[in-house]
Amino acid sequence: MDEKIFVAGHKGLVGSAIKRELEERGYKNLICKSHSELDLEDANSVTKFFDEYKPDYVILSAAKVGGILGNNSYPVEFFVKNMKIQLNVIENAYRTNVKKLIFLGSSCIYPKSAPQPLKEEYLLDGKLEKTNEMYALAKISGLKLCGAYNREYNTNYISVMPCNLYGLNDNYDSQNAHVLPMLIRRFHEAKINNQKEVTVWGTGKPLREFMFAGDLAKCIVFLLENKNASDIGEFINIGTGEEVTIFELANIIKDVVGFMGDITFDNTKPDGTYRKVMDVSKIKSLGWSAKTPLKEGIKIVYQDFLENKNIRKNPIN
Ligand code: GDP
């Protein structure tokens, strides 16, 4: 409980859930730095930070993330920022003898046409989805680098690849949000403005798996406390193993928000990968599974959205 744990990205969706979970469990020495205090893209600042604070454990949940539109429009930024953050943090963790590091990636690392559900062994078996290829390449590099450190220098770095996530402190930016927060915002604003319909991008047919970030945080702490890289292998999927179509998701959100109008689909917007569901047998075999049902999680998140008006960036279009 007294060990120094650096939660990189503690203001984000995942990092804030991990920070809350660690605090609730009684960890007293969390190290959290805002972006203005520590720029993780800057190698000198990160080196100085590790020398000064000497964390025992590192959870690398800081990343440049975004939905299908942001990823598709800014491939350079999604690659360069993530590569810099990862290299700076992982290299310094090694240099200062961090005992365990947890690296967070994403289910988009898998090939576009990989068999479903996605098993860990399918990594690098085919071409990536174009809309988020550069983000995926950065995350694949990160997990491979952790694996290489483990092999070459006998470190204890664990890479986890979560499915699509949602939770408190999510990003509701109209340009850059993922589907679940974006639809919460769109249905809410349609309800308030008495609109007759809400537009959902794509065909509504793609299948996705959504996990509450609080569940992921519980899993990360479980791994931190109980498992080592040797139990995990190269990396491990974390998800619910359950999927919904975007059409079903839109209807659940419509119901939770209480919007009475219609849903229409905009086929000019991309669908992205058709199906993305994780095989979660490996994490289940280690004794962990997700607990929050989708509709329950969406109710919690909608309440958070109503109470925190400051999280809504940019006017909706
Ligand atoms: P992905 O899982 O990496 O593709 O990320 P997203 O969360 O951005 O998109 C998931 C799916 O939801 C895609 O098929 C999108 O076309 C669809 N979608 C429907 N409406 C929206 C929306 O308003 N915003 C986003 N980001 N995706 C949407």
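1. A cavity, as the word is used here, is a set of grid points where a 1.4 Å probe fits but cannot get out. The model under review is predicted, and a search of the whole structure finds one cavity of 30 Å³ or more.

2. The volume of the largest cavity is about 60 Å³. Its lining includes Ser-107, Cys-108, Tyr-110, Pro-111 and Lys-112, together with Gln-116, Leu-118, Glu-129 and Asn-132. Thr-273, Arg-275 and Lys-276 also line this cavity. By class, the lining of the largest cavity comprises four nonpolar, four polar and four charged residues.

3. Lys-276 deserves a separate remark. Besides being among the residues that line the largest cavity, Lys-276 has a polar side-chain atom 3.2 Å from an oxygen atom of the ligand. Two further polar contacts of the ligand may be noted. On its own the ligand has 540 Å² of accessible area, of which the protein covers 96%.

4. The shell around the ligand consists of 17 residues, and Ile-68, Arg-186, Arg-208, Pro-270 and Asp-271 are the closest. Nine residues of this shell are nonpolar, four are polar and four are charged. Helix α6 (179-192) and strand β7 (197-201) each contribute at least two shell residues; the contribution of α6, three residues, is the largest share.

5. Of the 16 residues that line the second largest pocket, Phe-210, Thr-240, Glu-242, Thr-292 and Leu-294 lie nearest its centre. Six of the lining residues are nonpolar, four are polar and six are charged.

6. Regarding the fold, six strands form an open sheet with parallel pairing, in the order β2-β1-β3-β4-β5-β10. Strands β2 (30-31) and β10 (236-238) are the edges of this sheet, each pairing on one side only.

Note on methods:
Residues numbered from 1 in each chain as written. Predicted model: local features only at pLDDT ≥ 70, side-chain atom pairs only at ≥ 80, totals over all residues. Heavy atoms only, no water. 1 Å grid on protein atoms, 1.4 Å probe; cavity = no way out; pocket = protein on both sides within 12 Å on 5 of 7 lines; lining within 4 Å. Nonpolar A, V, L, I, M, F, W, Y, C, P; charged D, E, K, R; others polar. Pairing = 2+ DSSP bridges. Helix = DSSP H or I, 4+ residues; strand = E, 2+ residues; numbered from the N terminus. Near = heavy atom within 4 Å. Polar contact = N/O pair within 3.5 Å; in protein donor to acceptor, adjacent residues only side chain to side chain. Areas by Shrake-Rupley, 256 points an atom, 1.4 Å probe, with all protein chains shown as cover. Points joined across faces, edges and corners; volume = space filled by probe spheres on them.
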